[in-house]
Amino acid sequence: MRKQFVAGNWKMNLDQERSLALAAELRKQVGSVEDVTLAVCPPFVYLKGVAEALAGSSIVVGAQNMYGDPGGAFTGEVSGPMLLDVGCRYVILGHSERRHVLGEGDRLINTKVLAALEFGLKPIVCVGEKLEQRDAGRTEQVVCGQVESVLHGVGRRQMASVTLAYEPVWAIGTGRTATPEQAEEVHVLIRCLVADLFDADVAEDLIIQYGGSVKPENAGELLARENVDGALVGGASLAAQTFVPIVEAARSTGKD
Ligand code: PGA
């Protein structure tokens, strides 16, 4: 059985004081939850402080991006070993804002996925179609193409450390959520593709999160779908008041 995985993507929000206060509040409210995997992904500069504030709790810390090389002349970039050094366990890769605002493509994302795995970080790899691609009936082609590209060269055993996040671009930060049926449909497509690329066991064990305007009001019905194994939460992860109910919804789906 797959364990639900809820991760908070804080994006470029909060300041140091509010990051630490949120970490402390989450620790108090859900810091010993074991039936759901929990992670928060603060901006780089707050990673160490948040990791320290959560040390010894069941909430782990992830970064929002990394560069594939272990070190060297890459001004402005942060490497996997640096992330490990400050207590990170996960790293979000290929988020749609990196793809569409910063111009990252599948090839670059793939090198980062391979590097993260080599360094011992667990990548949360994002895929998702834009609205015009969905409207043109190209969702399957776009999403499956991205999955195939970003997983190129990943070994069967390494897949145990990979989480995929289906985040339709039109649902991110827009308040417009995919219906549970739309999410389930794409999650099934992804799982079938992973079965083809690897095998049925890898596909069965793979955690596929849904992301895009997940909030307390819709988390329950999304997470209840058979192939939705958790959520990558943006806006609603910025306050315990909205994040904790999503964690509780994941706990009560009974899909541990
Ligand atoms: P949102 O962001 O929940 O604010 O839509 C999700 C994400 O981008 O990961």
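Contact here means heavy atoms within 4.5 Å. The structure shown is a predicted model.

View 1. F119 belongs to helix 5. Leaving aside residues up to four places away in sequence, F119 touches M66, G68, D69, P70, G80, P81 and L84. H187 lies 68 residues from F119 along the chain, and the C-alpha atoms of F119 and H187 are separated by 28 Å.

**View 2. Helix 5 and its covering elements.** Helix 5 has 14 residues. From its first C-alpha to its last, helix 5 reaches 20 Å, close to the 20 Å expected at 1.5 Å a residue. Its buried residues are I109, N110, K112, V113, A115, A116 and L117. The elements that cover these buried residues of helix 5 include strand 4, helix 4, strand 5 and helix 7. Just after helix 5 comes G120, which takes a positive phi of about 95°.

**View 3. The aromatic pair of F5 and Y90.** Three aromatic pairs are found in a search of the whole structure. One of them, F5 with Y90, is tilted, with 4.9 Å centre to centre and 40° between the planes. This pair links distant parts of the chain, 85 residues apart: F5 is in strand 1 (residues 5-9) and Y90 in strand 4 (residues 88-93). Both F5 and Y90 are buried.

**View 4. Helix 7 and the elements around it.** Helix 7 (residues 139-150) is made of twelve residues. The span of helix 7 from first to last C-alpha is 16 Å, close to the 16 Å expected at 1.5 Å a residue. T139, V142, V143, C144, Q146, V147 and V150 are buried in helix 7.

**View 5. The packing of helix 7 on helix 8.** Two packed helices are described by the angle between their axes and the distance between the axes. For helix 7 and helix 8 the angle is about 45°, and the axes are 10 Å apart. Helix 7 is therefore oblique to helix 8. On the helix 7 side the meeting residues are T139, E140, V143, C144, V147 and E148, and on the helix 8 side they are V186, L189, I190, L193, V194 and L197. Helix 8 itself has 18 residues and reaches 25 Å from its first C-alpha to its last, close to the 26 Å expected at 1.5 Å a residue. Buried residues of helix 8 are P180, A183, E184, V186, H187, I190, R191, L193 and V194.

**View 6. The packing of helix 1 on helix 2.** Helix 1 (residues 16-30) packs against helix 2 at an angle of about 25°, and their axes are 9 Å apart. Angles under 35 degrees count as roughly parallel, so helix 1 and helix 2 are roughly parallel to each other. The crossing of helix 1 and helix 2 is right-handed. In this contact, helix 1 contributes S19, L20, A23 and R27, while helix 2 contributes G49, V50, A53 and L54.

**View 7. G56 in a loop.** G56 is found in the loop between helix 2 (47-54) and strand 3 (59-63). The relative accessible area of G56 is 80% and the residue is exposed, because exposed means over 50%. From G56 to G31 the C-alpha to C-alpha distance is 8.8 Å, and the two residues are 25 apart in sequence.

View 8. K11 is not a glycine, although its phi is positive at about 50°. The loop that holds K11 runs between strand 1 and helix 1. The relative accessibility of K11 is 19%, and K11 counts as buried because the limit is under 20%. S213 is also a residue other than glycine with a positive phi, near 55°. The loop between strand 7 (207-211) and helix 10 (216-223) is the place of S213. With a relative accessible area of 16%, S213 is buried.

Methods: Residues are numbered from 1 along each chain as its sequence is written. This is a predicted model: local features need pLDDT of at least 70, side-chain atom pairs count only at pLDDT 80 or more; totals for chains, interfaces and linings use all residues. Side-chain values use heavy atoms; hydrogens and water are left out. Rings of Phe, Tyr and Trp (its six-membered ring) pair if their centres lie within 6.5 Å; planes under 30 degrees apart count as stacked, over 60 as edge-to-face and the rest as tilted. Helices (H or I, at least four residues) and strands (E, at least two) are DSSP runs, numbered from the N terminus. Buried means under 20% relative accessible area, exposed over 50%, partly exposed in between (1.4 Å probe, protein chains only). The expected span of a helix is 1.5 Å times one less than its number of residues. Axes are lines fitted to C-alpha atoms, for helices over the stretch in contact, and angles run from 0 to 180 degrees between N-to-C directions. Angles under 35 degrees count as roughly parallel, over 145 as roughly antiparallel, 65 to 115 as roughly perpendicular and the rest as oblique. A crossing is left-handed if the near helix is turned anticlockwise from the far one by less than a right angle, and right-handed if clockwise.
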